[in-house]
Structure formats: structure tokens, C-alpha cells
Amino acid sequence: MAVVVKYVVERNGVERMTFTTKKEADAYDKMLDIAESLEMMLEKVDVPLSEQQIESLALEMAKEKDQFMAVLKGAKEAPVKPKKAKATTDNVADIKEKAAG
């Protein structure tokens with residue numbers, strides 16, 4: 001029998017996401033806190049937005065908070081997020097080639 005530790009992020013009694021590390025769960029929980037604060041701010045703006053638009057916009061802003069912060073601090077362009085490096089397969093032989101040769 002295996003024991004699996006899971007970290008569950010819950011909001012208002014609703015399970016939002018499950019993670020395998022506490023660090024990831026804490027980061028997601030913090031992002032949700034930021035989105036909630038942004039929703040309250042966006043509800044006060046003088047732009048007609050639906051409740052769904054406010055929620056979606058706040059969540060996207062929270063997800064990309066570093067880029068928004070850079071722009072708000074005066075950066076001309078939002079910094080580009082570094083992409084995760086893909087595993088290279090340069091030194092991996094094709095199985096079919098090995099079997100044939």
C-alpha cells in the first residue's frame with residue numbers, strides 16, 4: 001500500500017486544486033488571494049464589466065502578476081516569461097532503426 005500526500009487548495013468549501021507539494025499549493029492559494037483582491041478593485045472601476053468578466057480578468061492578472069507589476073512600475077514592455085526547456089532527443093536513437101540495422 002502506498003501513502004500519497006496531497007495538498008488541497010480549498011475556497012469557500014469548494015476544492016479548487018490538488019498539488020503534490022506544499023510550495024505549489026501555497027503559490028496557487030496566494031494567486032487566488034491576489035485575484036480576489038483584484039476582483040474587489042475591478043468592481044469599483046467605471047467600466048461596464050459583467051461579473052464573469054471581472055472574475056476572469058482578475059484571475060488572469062493574478063496569474064501574470066509579475067508582468068503586470070513590471071508594466072505598472074514603468075517598464076516599456078512586459079518581461080518575457082522564460083519558457084521551460086524541453087528535453088532534447090539529439091542523442092536518442094530511433095528504436096526502429098536499431099531493430100532494422
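This short talk goes through the helix packing, the aromatic pair and a few individual residues of the structure shown above. Please keep in mind throughout that what we are looking at is a predicted model.

Let me start with the two helices. Helix α1 covers residues 22-43 and helix α2 covers residues 51-63, and their axes come within 8 Å of each other while crossing at roughly 135°. The two helices are therefore oblique to each other, since an angle has to be over 145 degrees before it counts as roughly antiparallel. As for handedness, the crossing in which α1 passes α2 is right-handed. On the α1 side the contact is made by M31, L32, I34, A35, L38, E39, L42 and E43, and on the α2 side by I54, E55, L57, A58, L59, M61, A62 and K63.

The C-alpha atoms of S56 and A35 are separated by 9.0 Å, although the two residues are 21 residues apart along the chain.

Now to the aromatic residues. A pair of aromatic rings is described by the distance of the centres and the angle of the planes. The structure holds one aromatic pair, formed by F19 and Y28, with 5.4 Å from centre to centre and 50° between the planes, so that the pair is classed as tilted. How accessible are these two residues, F19 and Y28? F19 counts as buried at 15% relative accessibility, and Y28 likewise counts as buried, at 17%.

Finally, I would like to turn to two arginines in the strands. R11 is found in strand β1, residues 7-11, whereas R16 is found in strand β2, residues 14-19. Are they buried or exposed? R11 is buried, with a relative accessible area of 15%, while R16 counts as partly exposed at 40% relative accessibility. Leaving aside neighbours within four places in sequence, R11 is in contact with R16, D29, L32, D33 and E36. With residues up to four places away in sequence again not counted, R16 touches V9, E10, R11, Y28 and L32. For R16 and L32 we also have a C-alpha to C-alpha distance, which is 9.7 Å for a separation of 16 residues in sequence.

Notes
Residues numbered from 1 in each chain as written. Predicted model: local features only at pLDDT ≥ 70, side-chain atom pairs only at ≥ 80, totals over all residues. Heavy atoms only, no water. Axes fitted to C-alpha atoms, helices over the stretch in contact; angles between N-to-C directions. Helix = DSSP H or I, 4+ residues; strand = E, 2+ residues; numbered from the N terminus. Parallel < 35°, antiparallel > 145°, perpendicular 65-115°, else oblique. Left-handed = near helix turned anticlockwise from the far one by under 90°. Contact = heavy atoms within 4.5 Å. Phe/Tyr/Trp six-rings, centres within 6.5 Å; stacked < 30°, edge-to-face > 60°. Buried < 20%, exposed > 50% of the residue type's maximum accessible area, 1.4 Å probe, protein only.
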